[in-house]
Amino acid sequence: VFELLKTHLGSEKCYVKCLELFLDVTRKTEFGQALDLEVESLDYSEYSMERYDSIVIYKTAYYSFYLPVALAMHLTGRDSDLELESARKILIKIGHYFQVQDDYLDCYGDPSVIGKVGTDIQERKCSWLFLNAVELATEEDKEELFRSYGKEDEESVSIVKLLYLKYGLRRKYLEYSATTYASICSDIDNNKSGLPVQIFQDFLDKIHKRSK
């Protein structure tokens, strides 16, 4: 990608800004990947929503949502600090929403639609569903969840999914989805950057209520 930037933008005045953008997002993505890998060595009691948010923001949101828009902003010269920061805040929230959807679909999505069989439970991922189950569960159920999570046998996976069902995580996700969508729409409507709101609304509407 850096060779492509040099070849096609090397003589443009936005070249340095675009180069710095890719370097910064690459660094953030690697940081997120490192946090995600570190989870493998943690006890479940060390999983937290704060850690989850950091993984999601750095591993997914920056490169998937902020990078393409920020690049276009540099290319068109609409890249004041106010414009970039306004875009960043909205796009990072959309990226976070996108990853929570991924966690939900990993467990509840139709494999024939999403193109894979979910494995977050077997791979002991620090997922949105797991963290919410831990928060809601009784001490007895939490111990059962910790014993079963991260195991590959069907019985253990079924136990985890039954606990998700017991604590209404499908309903909790739907409530989260509706609230988050409304919150991001409000942020888009109230952004002060002067950027066309349709840029952000198109991103949001493309992922809202997605099934894959």
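User: What does the accessible surface of the protein chain come to, and what share belongs to carbon and sulfur atoms?
Analyst: The accessible surface is about 11900 Å², and 53% of that belongs to carbon and sulfur atoms; areas of this kind come from the Shrake-Rupley method with a 1.4 Å probe, and for residues only the protein chains shown count as cover. This is a predicted model, in which local features need pLDDT of at least 70, side-chain atom pairs count only at pLDDT 80 or more, and totals for chains, interfaces and linings use all residues. Residues are numbered from 1 along each chain as its sequence is written, and side-chain values use heavy atoms, with hydrogens and water left out.

User: How many helices and strands are there?
Analyst: The protein chain has ten helices and zero strands, where helices (H or I, at least four residues) and strands (E, at least two) are DSSP runs numbered from the N terminus. Taken along the principal axes, the C-alpha atoms fill a box of roughly 60 × 35 × 35 Å.

User: And how much of the chain is buried?
Analyst: Of the 212 residues in the protein chain, 45% are buried, with buried meaning under 20% relative accessible area, exposed over 50%, and partly exposed in between (1.4 Å probe, protein chains only).

User: Is Ala-70 buried or exposed?
Analyst: Ala-70 is buried, at a relative accessible area of 0%, and its place is in helix 3, which covers residues 49–76. Leaving aside residues up to four places away in sequence, Ala-70 touches Leu-21 and Leu-84, a contact being heavy atoms within 4.5 Å.

User: What about Val-1, buried or exposed?
Analyst: Val-1 counts as exposed, with 53% relative accessibility, and it sits in the segment before helix 1 (2–9). Val-1 and Phe-22 are 21 residues apart in sequence, while their C-alpha atoms are 8.6 Å apart in space.

User: Switching topic, how many disulfides does the count come to?
Analyst: The count comes to zero disulfides, a disulfide being a pair of cysteine sulfur atoms within 2.5 Å.
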